[in-house]
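Dear colleague,

Please find below the structure that I would like to hand over to you.

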Amino acid sequence: METLAELLPRAGGVFVQMEDEIASISAVIGASWTGAKAMTATSGPGFSLMMEALGYAVFTETPCVIVDVQRAGPCTGQATRVGGGDVMQCKWGMHGDVEIVALAPWSVQEMYDLSVRAFNVAERLRLPVFLMADEAVGHLHETAEFHDRIAVEQRDRRKGFPPFGHGDPGGVPPMPCFGDGENLLVTGSTHDERGYRKVEEPQVHARLVERLRQKVLLRRDELVDVERYMLDDAETVIVAYGFTARGALAAARELRGRGRKVGLLRLRTLWPFADKEVAALDGRARRVFVPEMNHGQVLGEVRKHFRGDVAGYGQTDGEVIPVGTIVREVERLT
Amino acid sequence: MLTRVRFGGLGGQGIVLAGSILGEAATLAGLNAAGSNSYGAAARGTACRSDVVLSDEPIDYPHLAAADVLAVMSQAALEKYLPIVTTGGVVFVDDFSVKAPPDDGRRFHSVPATATAVREFGGRQSANIILLGVVLGAVDVVPLDAVRDAIRATVRERFHAANLRALDLGVELGRAARRV
Amino acid sequence: MTRVFEQYLRPGVKATAFCPGCGHGILLHGILRAVDELGLDREKLLFVSGIGCAAWIPSPHILADTLHTLHGRAVAYATGAKLANPALTVIVVSGDGDLVSIGGNHLVHAARRGVDLTVICANNEIYGMTGGQAGPTTPVGAISATTPRGNPYATFDLVKLVLGAGAAYVARYPVTQPRPMTDAIKKAIRTPGFAFVDVASPCPTQFGRRNRFEDVGALYDRTHDLVLPREEAAMRPQSELAGRLVVGEWTPEDLRLGAGIPHDGPGPGGPPC
């Protein structure tokens, strides 16, 4: 945020330091409805504070980007140390059923590239997109390439259409903004396609919640993003994400050097979950190993979709999982 | 070719800056660099470190499990970080506050970084850049012109001249150490 | 309401959600009259509200952009909207519980920042919609759902609070004085920077019934009788100001002079323990 405070005004943007994280995400939503691409960044308890307004963003279909640099929790925990315990929170931390999109960068380059992608997905689907980084990536200095030109998704601001309804089950309605003359009616209560509060009508609520879910689920093939390393003949596949995946890649290469057939399936998106990609390991890999800086938040998802042996390694001591630990744990399994 | 460098010392000695300049220089020279360092309270007043991984190939894993080069400005940092230095690795210690042990398959160089800073600049502030220069003079990792550019890009303009001179002084010390 | 203002109402919204005798309808009228008299461009007009009865004053009634947000957060949403497009006239309308209790932090910080917002607090001295619980504006001794033996806690004086936090303009009037109330809203909208209007709006259902105002008229008489213009208050001894509704307009200049700021104090109450 300190960097944005320096750079955004130079690029014609606005930076404001709000009084707390609730205010920050609230201001982001207000700015987004006024036509701005808007984002905030937080960590630990600040992410918890934002949950209510994030539900508002989902329900009012407000494009925005939230960077969560995960640290060791629960609670204040180890404020400057690494953790990965917010994987489920970004999906289930809001009350009610929601589908969101969460990306997991593993490098400085991806903090940049996936930020761009997060904004584009947010604008295209009208929803909050989470950049689920971790402290190790957040505090990494690294060679990275920044582009002079980037592809930017422009918001569909066509007027005259219902801003909260669409004929298709997973359709994304146009989103004109405040000041466009549309007399917009925006509410976090259950609403019809024009924004009128309809809290007593079960069908209206069911239809709205379902469309918001399908908006993501019907597009899972274009959203889910994985990288595959050395999978062709892999008997053991490590499924990893974020900084841990870099350790996993180094471990996989080391294990290959020792003659072990190990590969890596790297999740660049956490949500929607890469269920098909994990299931596709069936019949080829004998086992899957999931190292993560929490106690099995992605492990549980992998278990749902891979029928072979699945083992996890959870580490929550505020340190990254050493390459040697991953090597050791995989050797123990094989 | 992969080189893993750790700078260690006390918060306030400019350890983090030395690592940042090295990483920036490597990037300017077309190499890949990755680095991390002590953060927040740990970077002030107590033991702190700054790690840099340099490679002409993409860097899989950006943290240090082992170091090829260690340069330290405090005894505590030497004791804490020595175990990760590989056999065949090189260790530079600032002789003002650190006592180097005898070689043990690793080469130890005791250099007057702080003493030179005090003599040439009347204060200790430039000792970190002198130590960076020592590393660069003794080990060929990054061309010096790129390091000079990195100093200009990282340090405030009014400190450019002093830092560039400190670098040169350090490089001389490093070259001398290399000849030993 | 005169039919002149029908053009400002969203077609299809037939009746307000307000109880008979609620002051919020008068305030809605005052806001629309202010907008009309100022000749504001409605395409550049944004109303932001939180949760509670007062949040329904703009949403869904007013035919303009309306953002009906979360409980307490209206001012923070409004800040983001105003910063993203300074050409918008942004007016927050919400209740005392919403703006001052849950959203108190956002209120004082927006005033401190001097964001060009107009915040209108429909102050009914109680949480109306959620069932008549005490709020930070509930008078000392008043009965509410959560203070069955009388409210023991001191009351926020919103004029002092918001002025002290840095607002450029603060006013207080009850809905029983619609013309000065409307003029204050107009002045607040025209004020560059943060402006705040504390509007006393009686709540017969939750406040009136619990506090033995047998009919709406009696409750309005109470509001009317509590009014004390700030000029008059300045001449009265402190002991006569407790519980009074000191009305008028204030600017930072009053803070500097220290004169005319109401000092009604916490009253005879205090924590029960």
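Which unit do S5(C), helix H6 (residues 178-190) of chain C and S6(C) make? They make a right-handed β-α-β unit. A crossover counts as right-handed if, with the strands pointing away from the viewer, the path from the first strand over the helix to the second runs clockwise. Helices (H or I, at least four residues) and strands (E, at least two) are DSSP runs, numbered from the N terminus.

Before I continue, two remarks on conventions. Residues are numbered from 1 along each chain as its sequence is written, and chains are lettered from A and ligands numbered from 1 in the order in which they are written. The model is predicted, and local features need pLDDT of at least 70, side-chain atom pairs count only at pLDDT 80 or more, while totals for chains, interfaces and linings use all residues.

**The strand S5 of chain C**

Strand S5 (residues 169-174) of chain C is mostly covered, with six of its six residues buried. A residue is called buried if 20 or more other C-beta atoms lie within 10 Å of its own, exposed if 12 or fewer, and partly exposed in between, with C-beta atoms placed from the backbone. In a regular strand the side chains alternate between the two faces of the sheet. In S5(C), C:Tyr169, C:Ala171 and C:Tyr173 point one way, C:Val170, C:Arg172 and C:Pro174 point the other way, and all are buried.

S5(C) pairs with strand S6 (residues 195-200) of chain C in the parallel sense, over six bridges. Two strands are said to pair if DSSP finds at least two bridges between them. The bridge partner of C:Tyr169 in S6(C) is C:Ala195. S5(C) also pairs with strand S8 (residues 245-250) of chain C, here in the antiparallel sense and over three bridges. In S8(C), C:Gly248 stands opposite C:Arg172.

**The contact between chains A and C**

How many residues does the contact take from chain C and from chain A? It takes 28 residues from chain C and 32 residues from chain A, where two residues are in contact if their C-beta atoms, placed from the backbone, lie within 7 Å. On the side of chain C that touches chain A, strand S2 (65-68), helix H2 (74-84) and helix H4 (104-113) of chain C each supply at least two residues. H2(C) gives the most to this side, with eight residues. The residues of this side of chain C divide into 14 nonpolar, 10 polar and four charged. Here Ala, Val, Leu, Ile, Met, Phe, Trp, Tyr, Cys and Pro count as nonpolar, Asp, Glu, Lys and Arg as charged, and the others, Gly among them, as polar.

Strand pairing also links these two chains: strand S7 (residues 185-187) of chain A and S2(C) pair in the parallel sense over three bridges. A:Thr187 has C:His68 as its bridge partner in S2(C).

Seven strands form an open sheet of mixed pairing, in the order S6(A)-S2(B)-S3(B)-S1(B)-S4(B)-S5(B)-S6(B). Strand S6 (141-142) of chain A and strand S6 (107-111) of chain B stand at the edges, each with a single partner strand, so one side of each is left without a neighbour in the sheet. S6(A) and strand S2 (residues 32-37) of chain B run antiparallel and are joined by two bridges. Within S2(B), B:Ala34 stands opposite A:Glu142.

**The domains of chain A**

Chain A is assigned domain 1 (1-223) and domain 2 (225-333); such bounds come from an automatic or database domain assignment. The centres of the two domains, taken over C-alpha atoms, are 28 Å apart. Their contact takes 26 residues from domain 1 of chain A and 21 residues from domain 2 of chain A.

**Local backbone features**

The peptide bond from A:Gly73 to A:Pro74 is cis, with omega near 5°. A:Pro74 is found in the loop between strand S2 (64-72) and S3 of chain A, and A:Cys75 has its place in the loop between S2 and S3 of chain A. Phi of A:Cys75 is near 60°, a positive value in a residue other than glycine. Is A:Cys75 buried or exposed? A:Cys75 is exposed, with 8 other C-beta atoms within 10 Å.

C:Glu125 is not a glycine either, and has a positive phi of about 70°. C:Glu125 is buried, with 26 other C-beta atoms within 10 Å.

Yours sincerely
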